[in-house]
Amino acid sequence: MDIGVLRRDGRTDPFFDGAAADRLVIKHCASCDHRLTPDAGDCPDCGTTELAWADASGAASLVTWTVTHGRPAADGTVPPPAFLALVELAEGPWLHARLDGVERAELREGLPLRAVFAHPDEGEPYMLFRPWTE
């Protein structure tokens with residue numbers, strides 16, 4: 001399932017700069033040391049809008065998931081299913097994400113995952129999560 005072409009909008013430059021370097025960056029509230037999702041606009045604990053960007057480890061665990069199936073093409077070919085998930089980063093925030101390199105039978109709550117980045121020919125890189133074993 002194609003996700004389309006991603007474009008940065010100025011507010012997301014640090015996230016996409018990190019993704020281009022295969023690094024996951026998230027928001028950080030220096031006032032209360034709270035880690036937040038990349039799209040956070042303010043801190044839910046102290047309310048400040050003064051958020052910085054910080055590197056995240058990329059480690060996560062699977063919270064929940066769904067499998068979506070695309071429509072068959074005119075020639076009858078069927079696109080592979082897409083695995084969409086809610087993951088919990090090791091730093092705490094939960095992210096909506098796409099899973100890659102997984103089989104339906106191996107999916108379970110708490111499955112260790114690691115962020116990886118796809119680098120399409122056009123548009124910005126995007127994040128995926130793959131099963132992770134040390």
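Predicted model: local features only at pLDDT ≥ 70, side-chain atom pairs only at ≥ 80, totals over all residues.
**Stop 1: the main core.** Start by selecting Leu-24, Leu-62, Val-87, Leu-99, Leu-113, Met-127 and Phe-129 and showing their side chains. These residues have the most contacts inside the largest nonpolar core, which has 25 residues. Next, colour the elements that each give two or more residues to this core: helix 1 (13-20), along with strand 1 (24-29), strand 4 (59-68), strand 5 (82-89), strand 6 (94-99), strand 7 (112-118) and strand 8 (126-131).

**Stop 2: around Leu-24.** Now centre the view on Leu-24 and display what surrounds it. Setting aside residues up to four places away in sequence, Leu-24 touches Phe-15, Ala-54, Asp-55, Ala-56, Gly-58, Leu-89, Ala-115, Phe-117 and Met-127.

**Stop 3: another core.** Then pick Leu-36, Ala-40, Cys-43 and Leu-51. They are among the five residues of another core, which lies apart from the largest one.

Stop 4: Switch to a cartoon view for an open sheet whose three strands come in the order 2-1-3, with antiparallel pairing. Its edges are strand 2 (34-36) and strand 3 (51-56), each of which pairs on one side only. Look along the sheet and you can follow a twist that averages 45° from one strand to the next.

**Stop 5: strand 1 beside strand 2.** Finally, zoom in on these two antiparallel strands, joined by three bridges. Which residue of strand 2 is the bridge partner of Cys-29? Select His-34 and you have found that partner.

Key. Residues numbered from 1 in each chain as written. Heavy atoms only, no water. Core = buried A, V, L, I, M, F, W, Y, C linked by side-chain atoms within 4.5 Å. Buried < 20%, exposed > 50% of the residue type's maximum accessible area, 1.4 Å probe, protein only. Helix = DSSP H or I, 4+ residues; strand = E, 2+ residues; numbered from the N terminus. Contact = heavy atoms within 4.5 Å. Pairing = 2+ DSSP bridges. Axes fitted to C-alpha atoms, helices over the stretch in contact; angles between N-to-C directions.
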